[in-house]
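Biologist: Before we discuss the details, could you put the model on the screen? I would like to go through it by question and answer.

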Protein chains: 2
Amino acid sequence: MAIGDWTERFRGTRGLPRPVRDRLLASARVARYARGATVFSPDARPDNLLFLVEGTLRVSQTAESGREIVLYRVEAGESCVLTTACMLAQEAYNAEGIAETPLVAVALSQDSFDQLAAEEPTFRKFIFAAFARRLLDLLHVVDEVAFGRIDVRLATRLLALAGDTAEVEATHDDLAKELGTAREVVSRVLHDFQKRGLVSQSRGRVTLLSRERLARVAEST
Amino acid sequence: MAIGDWTERFRGTRGLPRPVRDRLLASARVARYARGATVFSPDARPDNLLFLVEGTLRVSQTAESGREIVLYRVEAGESCVLTTACMLAQEAYNAEGIAETPLVAVALSQDSFDQLAAEEPTFRKFIFAAFARRLLDLLHVVDEVAFGRIDVRLATRLLALAGDTAEVEATHDDLAKELGTAREVVSRVLHDFQKRGLVSQSRGRVTLLSRERLARVAEST
DNA sequence: CGCCGTTGGTGATATTGTCACTGACAGTGG
DNA sequence: CCACTGTCAGTGACAATATCACCAACGGCG
């Protein structure tokens, strides 16, 4: 159950004086989610503020039509401000958060949050920076979706998803949801990449054959 | 020069005790912008926090290609948090804010802002709500751009831009920038609307002939 | 009046999205 | 081992949107 002193892991809490941190450690609740679990959705809104200690949270949006697009990912050390925001503003949204890996998070009650925001400039700065980060992420998504080419976006995303490996474990449908497009489109572009020797495919997996040339595609205007 | 007690106009300041409001009135600077003026841009980032007292600020994003899309509008009584965010996070962005009408705004120094955020729960709530509002606006933009049909979006936008009148004063190019699409597309869709008797056109102006039927187009899935 | 920048119209073509259908593959239970 | 089933990928036809290359109409202005 214990996860140690998590206040050490957040820029927003690391700088706080010892007594404050102890108070935090006492008041916050540790939450765990299995891989694939829904952390929040339009139906299930949390009434806490989440700080991610371990894992990756994928935030995506679903249209009425059922089509989906990934908005951004929350990594360890970051806060998920979307829920925070909507909790504070009492407004509806149609985004959902899925645990992409097993998650360990710290849930802070609304009161503790407000108190901390009031008393600690460091924490305040952390929160505002987190908001800024998400706003910028969304600006980027808008830019890509509105003006970007699909092949460029797919190449970029493949490189990102592969991390430092050469494998991306995702179905064409998964990739389509990353980009907010249709599966058929991904199939065609991947087929094209394959013909050009950039990737090879097997069921549920894409292997990057040349990161370099793929990066060149990703860079092309 | 005097604009009276502007603290009366913001939900975030209205509830503050008199002494605090007086301090605010003393420390804040009133800024005015002419219609069409650039309030902020990637080049010219303000180092203050803006609260809009009068007018409308249009926030849009420009791609490298030169294409543009309107992200949202800031109305009187609201705060422009995008600049706030990026100021606090020190990150770059490619959005810009244009005064759509003559503006009267209150510029709060970063220090005053932080102090207020620390001391006044009401103000804090106001700020967080403002962030939430923009996040949701952007979610909406993503949804529209990624999944929406152009004719539906144009109909919706025309109705919004017309307000309670039947006239929209905008060139096809202006409208294209509202939606983040190309002028030719707007020309074609408007031509179609005209053929169907929904609007009539003259140079730089669109007249809505039937709000009702236009609304039906806007509603169509 | 004629010049010229802005605005709007249009066809051709490329890209992307939608629809309908097919087959291939992996697991499951007989 | 084989039929059954659900997921995954491939493909052609067509629709919607974007891009490119023009040209025509309009309105200010010298």
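Biologist: Which residues are the closest to DNA strand C?

Modeller: This is a predicted model, and that should be kept in mind throughout. In it, 20 residues surround DNA strand C. The closest come from both chains, and they are Arg149(A), Ile150(A), Thr181(A), Thr171(B) and His172(B).

Biologist: Turning to the protein chains, which element gives the most to the side of chain B that touches chain A?

Modeller: In this interface, 38 residues of chain B are in contact with 38 residues of chain A. On the chain B side, the elements that give two or more residues are β5 (68–75), α3 (81–89), α4 (110–119) and α5 (121–147). The residues of that side divide into 26 nonpolar, three polar and nine charged. The element that gives the most, with 19 residues, is α5(B).

Biologist: What relation superposes chain B on chain A?

Modeller: Chain B is superposed on chain A by a rotation of 180 degrees, with 0.0 Å of shift along the axis and an RMSD of 0.0 Å. The same surface serves both copies, since 97% of the contact residues of chain B recur in chain A.

Biologist: Which residue of chain B comes closest to the rotation axis?

Modeller: The distance to the axis is taken at the C-alpha atom. At 2.2 Å, the residue of chain B that comes closest is Ala118(B).

Biologist: Which residues touch the most other members of the largest nonpolar core?

Modeller: The largest nonpolar core holds 113 residues, and another core, of 17 residues, lies apart from it and includes Leu179(B) and Leu214(B). Leaving out residues up to four places away in sequence, Val142(A) touches Gln61(B), Ile69(B), Leu71(B), Leu138(B), Val141(B), Val142(B) and Val145(B). Within the largest core, the residues that touch the most other members are Val142(A) and Val142(B).

Biologist: Which residue of β10(B) is the bridge partner of Val199(B)?

Modeller: Chain B has an open, antiparallel sheet of three strands in the order β8-β10-β9, with β8 (167–168) and β9 (199–202) as its edge strands. Four bridges join β9(B) to β10 (residues 205–208) of chain B. In β10(B), the bridge partner of Val199(B) is Leu208(B).

How values were computed. Residues are numbered from 1 along each chain as its sequence is written. Chains are lettered from A and ligands numbered from 1 in the order in which they are written. This is a predicted model: local features need pLDDT of at least 70, side-chain atom pairs count only at pLDDT 80 or more; totals for chains, interfaces and linings use all residues. Two residues are in contact if their C-beta atoms, placed from the backbone, lie within 7 Å. Ala, Val, Leu, Ile, Met, Phe, Trp, Tyr, Cys and Pro count as nonpolar, Asp, Glu, Lys and Arg as charged, and the others, Gly among them, as polar. Copies are superposed by least squares on the C-alpha atoms of residues with pLDDT of at least 70 in both. A nonpolar core is a set of buried Ala, Val, Leu, Ile, Met, Phe, Trp, Tyr and Cys residues joined through C-beta atoms within 7 Å. A residue is buried if 20 or more other C-beta atoms lie within 10 Å of its own, exposed if 12 or fewer, and partly exposed in between; C-beta atoms are placed from the backbone. A residue is near a molecule or strand if its C-beta atom, placed from the backbone, lies within 6 Å of it. Two strands pair if DSSP finds at least two bridges between them.
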